[in-house]
Protein chains: 2
Amino acid sequence: MPDLVGNMLVAQSGGPTAVINASIAGVIQEAGRHPELIEELYGGLNGILGILNEDLIDIQEEKSSVIEGLKHTPAAALGTCRYKIDFKRKTERAAQEMERLFQVFQAHNIRYFFYAGGNDSQDTAHKIHEQASKRGYPLRVIGVPKTIDNDLPHTDHCPGYGSVIKYNATTVMEIAADVRSMATDDGSCCIVEVMGRGAGWIAAGTVLAKRSPNDAPHIILLPEVPFAEEAFLKRVQEVIALHKYCIVVVGEGLKNAGGEEMAADKSRLDAFGHPVLSGAAERVAEIVSGWLKTKTRTVKLGYAQRAAAHCASETDVEEATACGEAAVRAAVEGKSGFMVKIVRLQNNPYRWTTDLQPLQDIANVEHLIPRDWISEDGFMPNDKFIEYARPLIEGGLQLPMDGGLPKFVAFQKTPVEKKLPPRQ
Amino acid sequence: MPDLVGNMLVAQSGGPTAVINASIAGVIQEAGRHPELIEELYGGLNGILGILNEDLIDIQEEKSSVIEGLKHTPAAALGTCRYKIDFKRKTERAAQEMERLFQVFQAHNIRYFFYAGGNDSQDTAHKIHEQASKRGYPLRVIGVPKTIDNDLPHTDHCPGYGSVIKYNATTVMEIAADVRSMATDDGSCCIVEVMGRGAGWIAAGTVLAKRSPNDAPHIILLPEVPFAEEAFLKRVQEVIALHKYCIVVVGEGLKNAGGEEMAADKSRLDAFGHPVLSGAAERVAEIVSGWLKTKTRTVKLGYAQRAAAHCASETDVEEATACGEAAVRAAVEGKSGFMVKIVRLQNNPYRWTTDLQPLQDIANVEHLIPRDWISEDGFMPNDKFIEYARPLIEGGLQLPMDGGLPKFVAFQKTPVEKKLPPRQ
């Protein structure tokens, strides 16, 4: 493998997380350790969308304290997008976009491309890798895994996941203390809606709030298990009879017995044509209050959960950073067309490392919770899940504070001079 | 004033907060410093409701580490209630209940009664104080202020308020980072619903997330200012034109021009006959997406915000503790019929002390944000508010952790032997 000398481009895509910037910090810091191969460090703004517009920034103009500060700054410091080069439905346009992308790469001598994101983003990275081979354009493409949903295959778990479940489990503990202290003989039921789309990993993670069998959450409704209304209402009644209150966690993508998303708003589609999900908690609350006449309240954490750097997992931040570093190491060693994955070496004490998986194995495969990690009645993840999830929330960050609130960093975003005519 | 020797009873009432337990810790620890006057330390479970049922616990059976741990444990460790002795609408029943209450006091030689709560609870404390005088039953009654809503009069602010706005402002910063990094030319609007009922103090507090004029929140909809739909939509458009995204914070009790709560569900009333509020964010989102066709998302923090001990304000915890201590000091000095209040001595550096206010001045008066603390257009609190709110969120807690999640304490609740026949 001949040495490939040129410039690096890193970008972020898809929904942000509390730690995706840590991966970007890892990429940047590791790239800086290979000046003999990687000459200029560029960031692409708003993922593929910005790269198509030749919106690049010069990362060497950023302060090193800002790069380090990315490790505690939530969301996507370079901006992100949900834009997909859609070869299936818009073949001609996709071909034009791919052509433009390689014009941008060529114009800026990009030889190293790192893309942090989830399923759709790894798919994009894979297509770029394939195109580079076809075109004979020397380019090393490595995907960096990112998703709170934890639904990427082959990696033990995804950076971003540990932090979201640490925050959500903390929140469930606190909400439970509140609802429990208000509980009277009339009973009450609080329903907490969490993200995760069709995967129940995030909902399941709140089981970590249970330190004893009586603790909340009392029921977790996973999208993997079709909603069984009658059994659910019976369980709510049993819990309220025992404890006077019941905390239910519901994954936004909960499905009914017919496989339909209970809260899908089919009138609103996102950029990938998926229906926007909202209101699973409201839907379940209607069912509880309608049938049981129980006082119900809902909490919808929404974006708060995936941006909660103030409650991030230190383990998650370390892994996210390491995934960024590993991507660069793989590329400088000559690899291309891979996604970095996390490999669990052991529990108790938890040990992990990173490895590589071909991008073609990743794209558009959704990894769900195995059925045998869920209780027979379907309302609670079991010990196999708990053993899996527990190490991922260990450790917290000490955020720098200013006036009682966190101090996050932001790129100053010095533009790289454009060399191409504007995109048509 | 002759020395009054006897037992103490402390109870909590109304919606819990992140720091109401700190006030209880203050009461208990201070009471322990006056063994010559205060002999037994009892806790009433679930406020007045439990006291009527003679459900008392022996606090001297609790570990001192648990008492200290209350200072970082959210919600109401003694349990709480929304029960009111309703002299207005249920006069006969109220008289029976008051009789029963004094039977319980007499049976357990209660001579010191401390009640931590908001408006309705201070009203209850006031009635008990009046009854004690009427009956010639020597009793010292002191109210301890508590409410996230910050709507108690005469006190500079209420314990619980600083923590809820610290958490909400942190959350708004994090959500804003997320939405900003996703923002494209199409624009997007995220609407965050916060508590506070008819008072906008909690919504206003999120202004602290603004470190520069461009920062979120961009619009704060306060219940004090009638919702002006046209001006609001125009403002959203302007913000999106400037920043590509807009963060709106809405107080749950937002009212329309006709003075009606926009999200009131009149089919559901709470124990005090107030309509249950829910869905202000959803209502505003419908308006934005309906008129501007902008992508909207909502976040409803619900109970999470008032229980968020993991993001509590150290200042708030100190003040809450001090209010509990001050209540006991006032009582042992012979005072009764007062609520402890916080008095601000100066800003920069912030200094405060506690004082007393007659309970009759407190009950059922709702303290709202002064109009001249709000911008002319009504969409943002101004510098007067910021100067007021800023010191209240200073400092954070170091929660003890176990497995990556907070360790909260709980009373073991050793019952005091009942001496009366069951309540009829």
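Predicted model: local features only at pLDDT ≥ 70, side-chain atom pairs only at ≥ 80, totals over all residues.
Let me begin with helix α8 of chain B, which runs over residues 229-243 and so has 15 residues. From its first C-alpha to its last, α8(B) reaches 21 Å, and this is close to the 21 Å expected at 1.5 Å a residue.

Which residues of α8(B) are buried? They are Phe232(B), Val236(B), Val239(B) and Ile240(B). Around the helix axis these residues cover an arc of only 95 degrees, which means that they sit on the same side of α8(B). If you turn to the other side of the helix, you will find Glu230(B), Ala231(B), Ala241(B) and Leu242(B), which are exposed.

What do the buried residues of α8(B) pack against? Their partners belong to chain B as well, and they are the strands β6 (188-194), β7 (219-221) and β8 (245-251), together with the helix α9 (280-292).

Now to the end of the helix, where α8(B) is followed by Lys244(B). This lysine is found in the loop between α8 and β8 of chain B, and its phi is positive, about 75 degrees, although Lys244(B) is not a glycine.

Asn109(A) lies in the loop between α4 (91-107) and β4 (110-117) of chain A. Because it has 12 other C-beta atoms within 10 Å, Asn109(A) is classed as exposed, the limit for that class being 12 or fewer.

Finally, I would like to point out some cis peptide bonds in chain B. One of them runs from Ala216(B) to Pro217(B), with omega near 0 degrees, and Pro217(B) is found in the loop between α7 (201-205) and β7 of chain B. That strand, β7, is also among the elements against which the buried residues of α8(B) pack. Another cis peptide bond joins Asn348(B) and Pro349(B), with an omega of about -5 degrees, and here the proline, Pro349(B), is found in the loop between β12 (338-346) and β13 (351-358) of chain B.

Key
Residues numbered from 1 in each chain as written. Chains lettered and ligands numbered in written order. Helix = DSSP H or I, 4+ residues; strand = E, 2+ residues; numbered from the N terminus. Expected span 1.5 Å × (residues − 1). Buried ≥ 20, exposed ≤ 12 C-beta atoms within 10 Å, placed from the backbone. Arc of directions from axis to C-beta. Contact = placed C-beta atoms within 7 Å.
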